[in-house]
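Here are a few notes to read alongside the picture. Take them one at a time and find each piece as you go.

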Amino acid sequence: MTSTVLILNGPNLNLLGVRQPHIYGYETLADIEAQCRTLAGDLGLAIEFKQSNAEHHLIDWIQEAREAAAGLIINPAAFTHTSIAIMDALSACEFPILEVHLSNVHRREAFRHHSYVSLAATGVIAGCGAQGYLLALRQMAYLLARAA
Ligand code: DQA
């Protein structure tokens, strides 16, 4: 069994650092990837880190992960609140899925309070900024070790 964890990022997250930094912070997606790589090394995990603005790319990557990954961390961005297709793809996965949001979506507009993705997620982390990705990686390491 592989110990590769796939970390997926949805639309507009390529603009992190310059996009509404008062909400999403000043760290770029590349900064977050670098932090994840360092922590993953410490935890003995391999990671693949990807971003797309296109729903079908995310779905294709989730489907590929069914064979290739041990677990999935996903910040689906706005697709969180709209995509039954991403929820269905995630529901077809048997490994742990952790949903991450930089912002506390429950403290924001009402349309962000509902997540289709949460219906398929093992756990959810929101409002912890970039640290949320690192918390998710630690939780993933715990879940994978427990299942081994
Ligand atoms: C987000 C929250 C979503 O509501 C929003 O559409 C995003 C980012 C977050 O990380 O806080 O693009 O997923």
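**Notes on the sheet and its helices**

1. Start with helix H3, residues 55–68, which lies across E1, E2 and E3. Compared with E1, helix H3 runs at about 170 degrees. Keep in mind that this is a predicted model.

2. Now look at what sits under that helix. Five strands make an open sheet, and reading across you get E2-E1-E3-E4-E5, with parallel pairing. Strand E2 (46–51) and strand E5 (123–126) are at the edges with a single partner strand each, so one side of each has no neighbour in the sheet. From one strand to the next, the twist averages 15 degrees.

3. Zoom in on one pair. Strand E1 (residues 4–9) and strand E3 (residues 71–75) are joined in the parallel sense over five bridges. Here, Ile-7 stands opposite Ile-73 in E3.

4. How do H3 and H4 run relative to each other? Their axes cross at roughly 5 degrees and come within 9 Å. Angles under 35 degrees count as roughly parallel, so that is what H3 and H4 are. On the H3 side, the contact is made by Glu-55, Leu-58, Ile-59 and Ile-62, and on the H4 side by Ala-85, Ile-86, Ala-89 and Leu-90. Sorted by class, that gives seven nonpolar residues, one charged and no polar ones.

5. Last stop: Glu-67, also in helix H3. Is Glu-67 buried or exposed? Its relative accessible area is 69%, and exposed means over 50%, so Glu-67 is exposed. Glu-67 and Cys-93 are 26 residues apart in sequence, and their C-alpha atoms are 9.2 Å apart in space.

Terms used: Residues are numbered from 1 along each chain as its sequence is written. This is a predicted model: local features need pLDDT of at least 70, side-chain atom pairs count only at pLDDT 80 or more; totals for chains, interfaces and linings use all residues. Side-chain values use heavy atoms; hydrogens and water are left out. Two strands pair if DSSP finds at least two bridges between them. Helices (H or I, at least four residues) and strands (E, at least two) are DSSP runs, numbered from the N terminus. Axes are lines fitted to C-alpha atoms, for helices over the stretch in contact, and angles run from 0 to 180 degrees between N-to-C directions. Contact means heavy atoms within 4.5 Å. Buried means under 20% relative accessible area, exposed over 50%, partly exposed in between (1.4 Å probe, protein chains only). Angles under 35 degrees count as roughly parallel, over 145 as roughly antiparallel, 65 to 115 as roughly perpendicular and the rest as oblique. Ala, Val, Leu, Ile, Met, Phe, Trp, Tyr, Cys and Pro count as nonpolar, Asp, Glu, Lys and Arg as charged, and the others, Gly among them, as polar.
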